[in-house]
Amino acid sequence: MKTILVCCGSGVATSPQVANKINEYLADQGLDDVAKATPKPVETAKSTVENDPSVVIYVGIAPADAELQETLDANHVVGMVGLPWLTGMGEDAADEKVKAVLAG
């Protein structure tokens, strides 16, 4: 199973909300047996990506900083910003990008 890592500051408010929306989308698309969105605190993102080869997408509420982006690139993890799932603006396009990454 592929992992979509969703991170916010503490991992207890915004990232679970975004992860739930992504998981609902995956279920609606019949992809919930392919991938799952998992919320975590942002300070765990780098080590999670380095140690968990199932992570294929990183969704940060804010864009990844340079150090995290380097880790994402080195591990072939696609970085995305979670704002579309919070605001609803651009959510369809973000969902489609998730679907495309999982298909690729």
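**Helix packing, cores and salt bridges**

In helix α1, Lys21, Tyr25 and Leu26 meet Glu91, Asp95, Glu96, Val98, Lys99 and Leu102 of α5, where contact means heavy atoms within 4.5 Å. The residues of this contact comprise four nonpolar, no polar and five charged; Ala, Val, Leu, Ile, Met, Phe, Trp, Tyr, Cys and Pro count as nonpolar, Asp, Glu, Lys and Arg as charged, and the others, Gly among them, as polar. The model is a predicted one, in which local features need pLDDT of at least 70 and side-chain atom pairs count only at pLDDT 80 or more, while totals for chains, interfaces and linings use all residues. Residues are numbered from 1 along each chain as its sequence is written, and side-chain values use heavy atoms, with hydrogens and water left out.

Two packed helices are described by the angle between their axes and the distance between the axes. The axes of α1 and α5 come within 11 Å and cross at roughly 65°; these axes are lines fitted to C-alpha atoms, for helices over the stretch in contact, with angles running from 0 to 180 degrees between N-to-C directions. The crossing of α1 past α5 is right-handed, meaning that the near helix is turned clockwise from the far one by less than a right angle. Helices (H or I, at least four residues) and strands (E, at least two) are DSSP runs, numbered from the N terminus.

The term denotes a side-chain nitrogen of Lys or Arg within 4 Å of a carboxyl oxygen of Asp or Glu. Lys21 is partly exposed, at 28% relative accessible area; buried means under 20%, exposed over 50%, and partly exposed in between (1.4 Å probe, protein chains only). The structure holds two salt bridges, and Glu50 and Lys46 form one of them at 2.8 Å, N to O. Both residues lie in helix α2 (residues 45-51), about one turn apart.

The largest nonpolar core has 18 residues, and Ile4, Val6, Ile22, Leu26, Val59, Trp85 and Val98 touch the most other members. Such a core is a set of buried Ala, Val, Leu, Ile, Met, Phe, Trp, Tyr and Cys residues joined through side-chain atoms within 4.5 Å. Two or more residues each come from β1 (2-8), α1 (14-28), β2 (35-41), β3 (55-60) and α5 (91-103), with α1 giving the largest share, five residues. A second, separate core of nine residues includes Val49, Leu68, Leu72 and Val77.
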